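User: I would like to go through this model with you, beginning with the whole chain and then turning to details. Could you take my questions one at a time?

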Amino acid sequence: MNQPSKAPRAPRSSAATSKSKKKSRVELDQEARERKRLKKRRGLASGSRTQVESANQKNKAEAQVKDPRIGSKVPVALVAEAKPKAKPRLSPEEELAKLENDERLDALLDRIDDGATLNAEDQAYVDQTLDRIDALMEQLGIELGDDEDDEKEEKQEDILKLLKSGNPKDVF
């Protein structure tokens, strides 16, 4: 019936075994079992994730060991609080002062005055900023008057006064 398993024999020298005798089926099976048993021992030990530190370090400071499975202890808000989405609004005077002192706008306007053409992005920025300045000035009641128009009106008034006074030599 069943034969008791035999203990593995010590291998003979390779020259003696190959010439004198072939291995029997039982010996081949026994060697295969031994190879399989050794092969199973490869790889990492099971449960290595739960082993925090090596044994030497555990003995040194057992109380100081931090379990890597425990995450952050920062409290998490369970109810979302309303955060202000918009920036704090500046008063129209502050916003106008900020836009008038804008370095990028000044540089772009200087380039336009020099006759250079701007790319689409820069041109859009200039247009948008100037429109906002106009809107703020209108809101504050500041009128942008041309100096030439004021001078022409003053000259015309002076000329009319002089003509009415009757002394045409003072006009020229």
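User: What percentage of the 172 residues in the protein is buried?

Analyst: Buried residues account for 8% of the 172 residues. Please keep in mind that this is a predicted model.

User: How many helices and strands are there?

Analyst: There are seven helices and zero strands. Along the sequence, the pattern reads α-α-α-α-α-α-α.

User: Which residues make up the largest nonpolar core?

Analyst: That core has nine residues: Leu96, Leu99, Leu105, Leu108, Leu118, Val126, Ile133, Leu136 and Met137. Helix H4 (92-100), helix H5 (103-113) and helix H6 (120-140) each give two or more residues to the core. H6 provides the largest share, with four residues.

User: Which residues of H6 are buried?

Analyst: The buried residues of H6 are Asp122, Val126, Thr129, Ile133, Leu136 and Met137. They lie on the same side of H6, because they cover an arc of only 100° around the axis. An α-helix has 3.6 residues a turn, and therefore residues three or four places apart point the same way.

User: What do those buried residues pack against, and what is on the other side?

Analyst: The buried residues of H6 pack against H4 and H5. On the other side of H6, the exposed residues are Ala120, Glu121, Gln128, Asp131, Glu138 and Gln139.

User: Which residues does Leu136 contact, leaving aside neighbours within four places in sequence?

Analyst: With those neighbours left aside, Leu136 is in contact with Pro92, Glu95, Leu96 and Leu99.

User: Thr129 is a polar residue type, so I am curious. Is Thr129 buried or exposed, and why?

Analyst: Thr129 is buried, because its relative accessible area is 6% and the cut-off for buried is under 20%. The side chain of Thr129 reaches the backbone oxygen of Tyr125 at 2.7 Å. Not counting residues up to four places away in sequence, Thr129 touches Leu99 and Leu105.

User: Turning to the helix ends, what does Asp102 reach at the start of H5?

Analyst: A side-chain oxygen of Asp102 reaches to within 3.3 Å of the backbone nitrogen of Arg104. After H5 comes Gly115, with a positive phi near 95°.

User: Where is Asn119, and what does its side chain reach?

Analyst: Asn119 is in the loop between H5 and H6. The side chain of Asn119 reaches the backbone nitrogen of Asp122 at 2.8 Å. Asn119 counts as partly exposed because its relative accessibility is 43%, which falls between the cut-offs of 20% and 50%.

User: Finally, which residue follows H6, and what is its phi?

Analyst: H6 is followed by Gly141, and the phi of Gly141 is positive, near 85°.

Methods. Residues numbered from 1 in each chain as written. Predicted model: local features only at pLDDT ≥ 70, side-chain atom pairs only at ≥ 80, totals over all residues. Heavy atoms only, no water. Core = buried A, V, L, I, M, F, W, Y, C linked by side-chain atoms within 4.5 Å. Buried < 20%, exposed > 50% of the residue type's maximum accessible area, 1.4 Å probe, protein only. Contact = heavy atoms within 4.5 Å. Arc of directions from axis to C-beta. Polar contact = N/O pair within 3.5 Å; in protein donor to acceptor, adjacent residues only side chain to side chain.
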